[in-house]
Amino acid sequence: MIIPPTHEALLRDPMFSFWIGTASPENVPEVIKCMGVNLDYERERLTCFAAVRFADKSLDNLQRNPAISLVGAHVGTYQGYQYKGTFIRSRPCTADEVEFQRQYMEVFALTLNGFGYSKEGLYRLYFSQPSMAIEFKVHEVYDQAPRQGTGEKIGI
Amino acid sequence: MSKKMIGPEMLPSLQGVIPSIIGTCSAAGVPNVTYISQVYYVNESHVALSYQFFNKTIRNIRENPILCVYVTCPITYVLYKCMLRYIESQSSGEIFDEMSVQLEAIASAHRKTGVLRLQAADIYEVLSVEKIT
């Protein structure tokens, strides 16, 4: 699976809000907030950043069921995509990745502040360190814009 | 700490001010995540979700009725995680009518009038509620 080249910019856009989905071996779903995403050069793997305080159950799920989904939706237009794949590994975030998250969060919170949301409230809600980098190989990408017929598979 | 009921402190988070997130899982164990406009309060142990066009989500729920939904209080910015179990779909009646009206109001606020048309109100039992801190 090759992620479409247009998604390279999109995945770095702080106007997109990201969430990670996992499931236990008993098929109980779990969702956590993702504080930014990095796409690899081959456009095949994504590395998602998530706060440790939210991630325990998801990381446990991934050890036992490697299926993972990432949804990204634009906070203004609701343009959205879902990336489905297989977990590769997780590790503590590097200093550069923490800085990336800070920059992502700052623009994300400022943007939503323009829509009337509290910037401080959003930081309290989502931003937390330490954090983990969760890497997975993408197998499928779906269009998830809010419209009839949504869910179309895209990418190569 | 989790409980099984929706308390009054959670009601602002069910107004649709901040979009909610739901996670489902197929019978094959593949998770799916999507945004949802509205989590509707039915009573302290039941909520309804708007069935609009999230096709994969609906397919998953029919295969595996357990789902996870996150709602956010727009006043306190507290996040609540609710585990739900699907009970039934209603395409008419009081809950459906009230959800349709609320959904139109949410759509109007988000400049999506006519897009977020309700197809059914899906009723869920609340299995647990956890305040995420």
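## Close-up views of a two-chain predicted model

**View 1. A:His74 and its surroundings.** Setting aside residues up to four places away in sequence, A:His74 touches A:Asp13, A:Met15, A:Phe16 and A:Gln79, where a contact means heavy atoms within 4.5 Å. Before going further, please note that this is a predicted model, in which local features need pLDDT of at least 70 and side-chain atom pairs count only at pLDDT 80 or more, while totals for chains, interfaces and linings use all residues. Residues are numbered from 1 along each chain as its sequence is written, chains are lettered from A and ligands numbered from 1 in the order in which they are written, and side-chain values use heavy atoms, with hydrogens and water left out. A:His74 is found in strand E5 of chain A; helices (H or I, at least four residues) and strands (E, at least two) are DSSP runs, numbered from the N terminus. Is this histidine buried or exposed? A:His74 is buried, as its relative accessible area is 13%; buried means under 20% relative accessible area, exposed over 50%, and partly exposed in between (1.4 Å probe, protein chains only). Its side chain reaches two backbone nitrogens, that of A:Gly76 at 2.9 Å and that of A:Thr77 at 3.0 Å.

**View 2. A:Ile20 and its contacts.** A:Ile20 has its place in strand E1 of chain A. With a relative accessible area of 1%, A:Ile20 is buried. Leaving aside neighbours within four places in sequence, the contacts of A:Ile20 include A:Val31, A:Ile32, A:Cys48, A:Leu70 and A:Ile134, along with B:Val33 from chain B.

**View 3. The interface of chain A and chain B.** Here 36 residues of chain A are in contact with 39 residues of chain B. About 2,900 Å² is buried between the two chains, and carbon and sulfur atoms give 58% of that area; buried area is the accessible area (1.4 Å probe) that two parts lose on being put together, summed over both. Across this interface there are 17 residue pairs in polar contact, with both residues at pLDDT 80 or more. A polar contact is a pair of N or O atoms within 3.5 Å; within protein, one must be able to donate a hydrogen and the other to accept it, and residues adjacent in sequence count only if both atoms are side-chain atoms. Which element supplies the largest share of the side of chain A that touches chain B? E1(A) does, with six residues. By class, this side of chain A has 16 nonpolar, 14 polar and six charged residues. Ala, Val, Leu, Ile, Met, Phe, Trp, Tyr, Cys and Pro count as nonpolar, Asp, Glu, Lys and Arg as charged, and the others, Gly among them, as polar.

**View 4. The salt bridge between the chains.** One salt bridge is found across the interface of chain A and chain B, a salt bridge being a side-chain nitrogen of Lys or Arg within 4 Å of a carboxyl oxygen of Asp or Glu. Its partners are the side chains of A:Glu30 and B:Lys81, at 2.6 Å from N to O. The pair runs from B:Lys81 in strand E7 (residues 79-90) of chain B to A:Glu30 in strand E2 of chain A. Both B:Lys81 and A:Glu30 are buried.

**View 5. Salt bridges within each chain.** In chain A, the side chains of A:Asp60 and A:Arg64 meet at 3.3 Å, N to O. These two lie in helix H2 of chain A, four residues apart, about one turn of the helix. A:Asp60 is partly exposed at 38% relative accessible area, and A:Arg64 is partly exposed at 46%. In chain B, B:Arg62 and B:Asp122 form a salt bridge at 3.7 Å, N to O. B:Arg62 lies in helix H1 (residues 55-63) and B:Asp122 in strand E8, so this pair ties together parts that are 60 residues apart in sequence. B:Arg62 is partly exposed, at 40% relative accessible area, whereas B:Asp122 is buried, at 1%.
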